[in-house]
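I opened the file to look up a few residues and their surroundings. My notes follow in the order in which I checked things.

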Amino acid sequence: KYRFFVLFRQTFLDVTHICTWRETRRIGKRILLQRTGEEMKESSHNISGQQNASSQLNTGCSVNARPNYSRMTKILFVCHGNICRSTMAQYVMQDLVEKNGLADSFVIDSAATSTEEIGNPVDPRMRRKLQQEGIRCGNHRARQMTRADYDNFDYLIGMDNNNLRNMMRILKDDSLGKVSLLLDWTEKPRDIADPWYSGNFDLTYEDVTEGCEVLLKKLLAAWS
């Protein structure tokens, strides 16, 4: 009976810790969005003669482009090796901001949690998928995320919970609520499966695009 009680208590504590961690991430994300929005509004008051350009997201959401704002939003997408999911998110997000006239307002990059692919180019299968979708794929080379990235980026966004654990091992803490998972921004939070193993780059593209579109919409909403 005592051993059963100890096991039950430890399981309860583990579940409580996970739930608390996820809630903390959600709260941190809301705070960071609010702060970003306030900074953007403050920047807009300091810029005279600016013109709002109306553009259209792939999701059909009308937004106001925000050219020449002094502060840039910096996003780092992260996965295990930095040759599939995170680079796909990097180029999908870059494509979205360019199509909405927001390229000058964003810095978008990607990185790995591991050292397995350091210096390697993007996976050829990922490049082919982006080409099929009409999205430009650059010459990114895999690099590992560092603690300095926390200071250099506003959002550090992983693809699955394994990424998240490894990100936190590198970062040690997330005091500003910058760390999240891409699909946690959507109405259906879930992991993005690694296509390096599954070979299903179509599904990866669908998940990544869904996450990036919602992320951009929420950022723009925070700025308005």
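The model is predicted.

**Entry 1: C79**

I started with C79, which lies in strand β3, residues 73-79. Is C79 buried or exposed? Its relative accessibility is 3%, and the cut-off for buried is under 20%, so I put C79 down as buried.

I then listed its contacts, leaving aside neighbours within four places in sequence. C79 touches R85, S86, A111, A112, T113, M159 and N163. I also checked M167, which is 88 residues away from C79 along the chain. The C-alpha atoms of C79 and M167 are 9.0 Å apart.

Next I looked at how the nonpolar residues group. As background, nonpolar side chains in soluble globular proteins tend to be buried together. The largest nonpolar core in this model has 37 residues, and F77 and M93 have the most contacts inside it. Which elements give two or more residues to this core? I found β3, α2 (85-99), β4 (106-112), α3 (124-132), β5 (155-158) and α7 (201-223). The largest share, 9 residues, comes from α7. I also recorded a second, separate core of 14 residues, with V78, Y150, V179 and L181 among them.

**Entry 2: salt bridges**

I counted 10 salt bridges in the structure.

R85, one of the contacts of C79, forms a salt bridge with D160 through their side chains, at 2.8 Å from N to O. R85 is in helix α2 and D160 in the loop between β5 and α5 (161-171), so I note a pair that links distant parts of the chain, 75 residues apart. R85 has a relative accessibility of 2% and counts as buried. D160 is buried as well, with a relative accessible area of 11%. I also found D194 linked with R85 and D160 in a network of salt bridges.

D207 and R190 meet through their side chains at 3.1 Å, N to O. Why does this pair tie together parts that are 17 residues apart in sequence? The reason is that D207 lies in helix α7, whereas R190 is in the loop between β6 (179-181) and α6 (195-198). D207 counts as buried at 10% relative accessibility, and R190 is partly exposed at 30%.

K129 and E133 form a salt bridge at 2.9 Å, N to O. K129 is buried, with a relative accessible area of 9%, while E133 is partly exposed at 34%.

**Entry 3: helix α3**

K129 took me to α3, where M126, K129 and L130 are buried. I then checked what covers the buried residues, and the cover includes α2 and α7.

I looked at both ends of the helix too. At its start, a side-chain oxygen of D123 comes to within 2.8 Å of the backbone nitrogen of R125. Just after α3, G134 has a positive phi of about 75°.

**Entry 4: aromatic pairs**

Y155 and W185 are edge-to-face, 5.8 Å centre to centre with 70° between the planes. Y155 is in strand β5 and W185 in the loop between β6 and α6, 30 residues apart. Y155 is buried at 1% relative accessible area, and W185 is buried at 0%.

The rings of W196 and Y197 have their centres 5.0 Å apart and their planes at 75°, so this pair is edge-to-face. W196 is partly exposed, with a relative accessible area of 42%, whereas Y197 counts as exposed at 64%.

Note on methods: Residues numbered from 1 in each chain as written. Predicted model: local features only at pLDDT ≥ 70, side-chain atom pairs only at ≥ 80, totals over all residues. Heavy atoms only, no water. Helix = DSSP H or I, 4+ residues; strand = E, 2+ residues; numbered from the N terminus. Buried < 20%, exposed > 50% of the residue type's maximum accessible area, 1.4 Å probe, protein only. Contact = heavy atoms within 4.5 Å. Core = buried A, V, L, I, M, F, W, Y, C linked by side-chain atoms within 4.5 Å. Salt bridge = Lys/Arg side-chain N within 4 Å of Asp/Glu carboxyl O. Polar contact = N/O pair within 3.5 Å; in protein donor to acceptor, adjacent residues only side chain to side chain. Phe/Tyr/Trp six-rings, centres within 6.5 Å; stacked < 30°, edge-to-face > 60°.
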